[in-house]
Amino acid sequence: MCYSIQQNHSEFLRLMKIDYSGDDNQDNRQALEFVDAFNRQDQYDRSSSFKGANLSEYSVINSFAGQDYVIPSNCHFFNDDIARLNELVPEENKFDYIVLDPPWWNKYIRRTKPVNKNISYQMLDNEAISNIPLEKYIHSRTVVVIWCTNSPTHINAIKEKFCKKWKLKLVGNWYWIKTTKSGLPVCAFNEVTKKQPYEQLFIATSENGDSTDMLQEKFIFSIPCAFHSNKPPLIDLFAELLPEHPKCLELFARNVYPNFTSIGTEVLKLQNARLFNFEVCHK
């Protein structure tokens, strides 16, 4: 599998007329230093339980707990534990698009946590993730996207346990290849047991829904965010399958997007106004 992904990346470089043999000497120190400073200074309270919404057509800036946050249009958010999903969102709310980026159990993060609590998160084992009542929020045409590490244990959990529990069927396996600005992979393509420059996404639909060929396999190339585990938004890639104004749900969220209900214990963390550039518009 790694070989086929590497071959696809080589084709991407050829089409983009990028010299794969070139040496990428780009310096990311400035971005990494900014993120490190932000994490040290940030006082985000993961244990705090709160909710909010912006039902207008404009983004707004709100102050909360001494910090300013950018809240996009037409959104709802809950800073809360996913285990309380049933209490936060009524079961009659069915969503067209659902994305999950679970905090998979990870030995590296476990070791890092005592060193820097601001970049770590509360990891969940596969049993706890399976207990999420996702099946209550899907309809026959719901598209579900599950981000996953390259761990065989986690991949098998999705294929053999989660989908059965959530009444889903897998219809696609996508790959996000992380590149530098010049298009080279952020690290070498390695053996299965080592760090890879890509992550996997599993695409699922209702077990009673219709499958579509467009979901089977895609390769996505982009520059990863300097913030740990921050994933690119993908909803535009599913536009053909969704209604004009889809109802969307993100679990384990650290961002808030328009038309989304977002839930996580750091739901506004990356909406901090310090992470945005603003332009003043005059009418």
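Predicted model: local features only at pLDDT ≥ 70, side-chain atom pairs only at ≥ 80, totals over all residues.

Me: Why is the contact between Glu199 and Lys178 called a salt bridge?

Reply: The label asks for a side-chain nitrogen of Lys or Arg within 4 Å of a carboxyl oxygen of Asp or Glu. For Glu199 and Lys178 the N to O distance is 2.7 Å, so the pair meets the cut-off. This pair links distant parts of the chain, with Glu199 in strand β8 (residues 198–206) and Lys178 in strand β7 (residues 168–178), 21 residues apart. Glu199 is also buried, at 16% relative accessibility. Both residues belong to a network of salt bridges that links Asp101, Lys178, Glu199 and Lys231.

Me: How do you know that β7 and β8 pair?

Reply: Two strands pair if there are at least two bridges between them. β7 and β8 have nine bridges, in the antiparallel sense, so they qualify as a pair. In this pairing, Asn173 stands opposite Phe202 in β8.

Me: What makes β1 and β9 edge strands of the sheet?

Reply: The open sheet has nine strands, in the order β1-β4-β11-β10-β5-β6-β8-β7-β9, with mixed pairing. β1 (50–54) and β9 (219–222) each have a single partner strand, so one side of each has no neighbour in the sheet. Neighbouring strands here are turned by 15° against each other on average, direction ignored.

Me: Why does the pair of Lys136 and Glu91 tie together parts that are apart in sequence?

Reply: Their side chains meet in a salt bridge, at 3.3 Å from N to O. Lys136 sits in the loop between α5 (126–130) and β6 (138–148), while Glu91 sits in the loop between α3 (85–88) and β5 (95–100), so the pair ties together parts 45 residues apart in sequence. Lys136 is partly exposed at 27% relative accessibility, and Glu91 is partly exposed at 39%.

Me: How do you know whether Arg84 and Glu87 are buried, partly exposed or exposed?

Reply: Exposed means over 50%, and Glu87 has a relative accessible area of 57%, so Glu87 is exposed. Arg84 has 29% relative accessibility, so Arg84 counts as partly exposed. These two form a salt bridge as well, with the closest N and O atoms 2.9 Å apart.

Me: How many salt bridges does the structure hold?

Reply: The structure holds eleven salt bridges.

How values were computed: Residues numbered from 1 in each chain as written. Heavy atoms only, no water. Buried < 20%, exposed > 50% of the residue type's maximum accessible area, 1.4 Å probe, protein only. Helix = DSSP H or I, 4+ residues; strand = E, 2+ residues; numbered from the N terminus. Axes fitted to C-alpha atoms, helices over the stretch in contact; angles between N-to-C directions.
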